[in-house]
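This briefing looks at aromatic side chains and their surroundings. Please keep the structure in view while reading.

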Amino acid sequence: MKYTKVPDLAKQFLWDSMEPGKMDREHSVSQWGPVLKAYLGFDVWKKKPFMKGLIDLSVRGEPQGWPDVFNDAWREQFTNTTISRMLQRIVVDSWSRDKAFVETLDVLNRIYSKYA
């Protein structure tokens, strides 16, 4: 909303898009867990056993990046699948662990140095 020319409209859009009645309908066909406490009472969480896990994850889960700081550098390395690429190099490409680790450190150093 900081950069919009219509901040009141943007704010109203956010309120409307997260309205509990709308979110109840959306969650009934979604794979995501509740993000607000107001959504915990929806009937959808009682329909299937695995839905209890989504509630548990929403209430007790850790944010992405934890215990690191979730910042732009972390987001970029995650988006670029840096760590999973290292594992792929070892398992699929038959690289040595040392070679894959060196490549990963190089990528991480380049990413994090941009945000230092």
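Phe-78 is partly exposed, at a relative accessible area of 44%, where buried means under 20%, exposed over 50% and partly exposed in between (1.4 Å probe, protein chains only). The model is a predicted one, in which local features need pLDDT of at least 70 and side-chain atom pairs count only at pLDDT 80 or more, while totals for chains, interfaces and linings use all residues. Residues are numbered from 1 along each chain as its sequence is written, and side-chain values use heavy atoms, with hydrogens and water left out.

**Aromatic pairs**
- Across the whole structure, a search finds three aromatic pairs, a pair being rings of Phe, Tyr and Trp (its six-membered ring) with centres within 6.5 Å, counted as stacked when the planes are under 30 degrees apart, edge-to-face when over 60 and tilted for the rest.
- Phe-70 and Trp-74 make a tilted pair, 5.3 Å centre to centre with 55° between the planes; Phe-70 is partly exposed at 39% relative accessibility, whereas Trp-74 is buried at 11%.
- Trp-74 also pairs with Phe-78, and this pair is stacked because the ring centres are 4.9 Å apart and the planes lie at 15°.
- Phe-70, Trp-74 and Phe-78 together form one aromatic cluster.

**Helix H4**
- Trp-74 and Phe-78 are four residues apart in helix H4, and are therefore separated by about one helical turn; helices are DSSP runs (H or I, at least four residues), numbered from the N terminus.
- Gln-77 lies in helix H4, which spans residues 72–79, and is buried with a relative accessible area of 8%.
- Beyond its neighbours within four places in sequence, Gln-77 is in contact (heavy atoms within 4.5 Å) with Thr-82, Ile-83, Leu-108, Ile-111 and Tyr-112.

Note on methods:
Helices (H or I, at least four residues) and strands (E, at least two) are DSSP runs, numbered from the N terminus.
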